[in-house]
Amino acid sequence: MYLLGYDIGSSSVKVCLIEASSGKVIASEFSPKKEMKITAVNPGWAEQNPVDWWTNLKLAHEAVMHESGIHAEDIKGIGITWQMHGLILVDKDQNLLRPSIIWCDSRAVQYGERAFKEIGEEKCLSHLLNSPGNFTASKLAWVKENEPEIFNKIDKIMLPGDYIAMRLSGQIGMTIEGLSEGIFWDFKNNCISEDVIGHYGIPKSFFPEIIPTFGIQATVSAAAAQELGLKEGTPISYRAGDQPNNALSLNVFNPGEIASTAGTSGVVYGVLDQLEYDKLSRVNTFAHVNYTPEQIRLGVLLCINGTGILNSWLKHNFATSLSSYGDMNELASLSPVGSKGLSIVPFGNGAERVLENKETNCSIHGINFNIHTKGDILRAAQEGIVFSYEYGMNIMRNIGMDIQVIRAGNANMFLSSIFRQSLSSVSNAVIELYDTDGAVGAARAAGIGIGFYADSKEAFSSLEKIAVIEPEHEKQEQYLEAYTRWKHHLNEII
C-alpha cells in the first residue's frame, strides 16, 4: 500500500511515493531540472502559469511511477502541498482567467495597507491575526480594480494546491488553513471574514466549499486517471500550504513545537494554542494543519528574506576560489565565535517583515584590515543570519512561544555546523535534524487523511532523527556578546 505526495513549488514540482506501513520513500522526482519560469511584466510583479505546475507534476509523477514499478491501484491516498498565497482564478467551466499572481509578487501592498487602516488595525489583528498585507485577498483586490473584465468572469478563486486538486478531481475546495493564509478567515467568528470581503467587494460566491485539511476531500476523476496513469477514485486526502506542511513533515503539531528551514530565505514556524498576534505584524499567524474552531492550533511564521541568499552571494562574488559550501564552512570554522568583533547584518534581499517592512540592505560592521580574514567574513555572515533568527524568535517568545527544541531538515544552511551550533547556543534551544522534505510529509499526511494512520504520532513514528545539537554552554557568553553587538548595529540602522 502506497501514498503519494505532491509539492508544488515556485522553482519545481516534487513528487514522492512512500510505502505506507514503513514510511519508506520508494521513489522521488522533481521537474523541471531548471527553475520554472516566473514572469515579471513590471517591477515587483511575479506570475506563473498554473498549467506549468500541472505539466511538471505529470513529468515528475511519470518518472516516480516508472522508477517504482508499482500498480496504480496500490496507491491509496494523495497529499498536496504548495507555495503559499498564490491567487488562481477560474470561470464557471474551470478555465483559467489569467496567470497566477504568486507569493513574491508585491503589487498589492498598498491595497493591504489601506485595508488595514480602513477596517481598523486592532480589528484586523484580533480577527485575522494579521494585517491584510500583500496576501491573496489583496491580490484579488488588485485584479478587481485593474482587470475588471477578468474579475467579472470569476466563478471561483483558489490557491495553488486547490488548482492541482481541481485538475485531479474536477472538484474545487479550500481548507480553513488555505483561507487563513489568504487572509480570508475570521478566527473570532470562525467564518470567512465579512470585513475583508466587504471592504474589497468580493462576492462570497467566489469561495468554494470549505473542506477539512485531513479527510476524503475529492477523488481522482476518470480524465485525470487516464492522464496520469492513476486509478479513478483514488482519494485526495490532505492539502496544506508549504510552511504548515514543512512543520507537519517534522512532526510539529502541538503548542511549543518549532520547525525551521534555512534556504534562500529562512523560516521559523511554531505552534500556539491561543489567539495571539504581534501588534506590529512582524510575524504572521495562520491556521495550522490541525486547527479546528474547537481546538486552536495556530502556526506563527517568522520569515527572514536575507538568509541563505547571503551565503550564496558570498560564494559567487567573494569566495570564488572555494569550490563548495563545505569549503566555505571549513574556512569559516577557523574563525572564533564572534568573528573577532566583525558583524554582518544580512538583510539584503528586499523589505523585511520582521523589521516592519523596512529595507535596510546588507551591511558589514567593524572590519579591520589588519586582523580580519576571508574566514572571519564567512563566519560573520553565518552568525549574522543566526542573529536575525534570534531577533525574530524574541518576537515569537513575546506572544507566548516557548522555544526549547527546533526541528529542521538536514539541508541548506543546516548542513553547516557553524550555523546550527550558533543557532542552538544563541537561542539556548536544542536542534534536532531529520531526513525528510515537504513531499514526503504530504504523503504521510495523506495516510492520516484516509485513516490508515490512527494519528500523527503513528504517521511519523518512522521519522528518522539524524543529529541532535545542544547549546555550547561554555561559549554562551561569547555568543551572546556577539549577538548584543550585532543588535546594536541593527538598531542604529533602523
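Predicted model: local features only at pLDDT ≥ 70, side-chain atom pairs only at ≥ 80, totals over all residues.
Local features were taken only at pLDDT of at least 70 and side-chain atom pairs only at pLDDT 80 or more, while totals for chains, interfaces and linings use all residues. Residues are numbered from 1 along each chain as its sequence is written, and side-chain values use heavy atoms, with hydrogens and water left out.

The record is a starting point. UniProt, in an unreviewed entry, places "domain: Carbohydrate kinase FGGY N-terminal" at residues 2-245; such annotations may be inferred rather than shown by experiment. Over residues 2-245 the chain is 36% helix and 25% strand, with 19 Å between the end C-alpha atoms. Helices (H or I, at least four residues) and strands (E, at least two) are DSSP runs, numbered from the N terminus.

An open sheet is formed by 6 strands in the order E3-E2-E1-E5-E14-E13, with mixed pairing; two strands pair if DSSP finds at least two bridges between them. Its edge strands, E3 (25-31) and E13 (214-219), each pair on one side only. On average, neighbouring strands of this sheet are turned by 25 degrees against each other, direction ignored. E1 (residues 2-8) and E2 (residues 13-19) are joined by 7 bridges in the antiparallel sense; Leu4 has Leu17 in E2 as its bridge partner.

Helix H1 (residues 50-68) touches E1, E2, E3 and E5 (75-82), and its direction makes about 150 degrees with that of E3. Helix H10 (residues 242-249) touches E5, E13 and E14 (235-241), at about 105 degrees to the direction of E14. Axes are lines fitted to C-alpha atoms, for helices over the stretch in contact, and angles run from 0 to 180 degrees between N-to-C directions.

Helix H6 (residues 160-169) is mostly covered, with 9 of its 10 residues buried, that is, under 20% relative accessible area with a 1.4 Å probe, protein chains only. Among the buried residues are Tyr163, Ile164, Met166 and Leu168. Just after H6, Gly170 has a positive phi of about 80 degrees.

Helices H13 (residues 374-398) and H17 (residues 476-493) pack at about 80 degrees, with their axes 10 Å apart. H13 and H17 are therefore roughly perpendicular to each other, a term for angles of 65 to 115 degrees. The H13 side includes Arg379, Phe387 and Tyr391, and the H17 side includes Tyr483, Trp486 and Lys487. The residues of this contact divide into 7 nonpolar, 3 polar and 3 charged; Ala, Val, Leu, Ile, Met, Phe, Trp, Tyr, Cys and Pro count as nonpolar, Asp, Glu, Lys and Arg as charged, and the others, Gly among them, as polar.

Key: Contact = heavy atoms within 4.5 Å. Parallel < 35°, antiparallel > 145°, perpendicular 65-115°, else oblique. Buried < 20%, exposed > 50% of the residue type's maximum accessible area, 1.4 Å probe, protein only.
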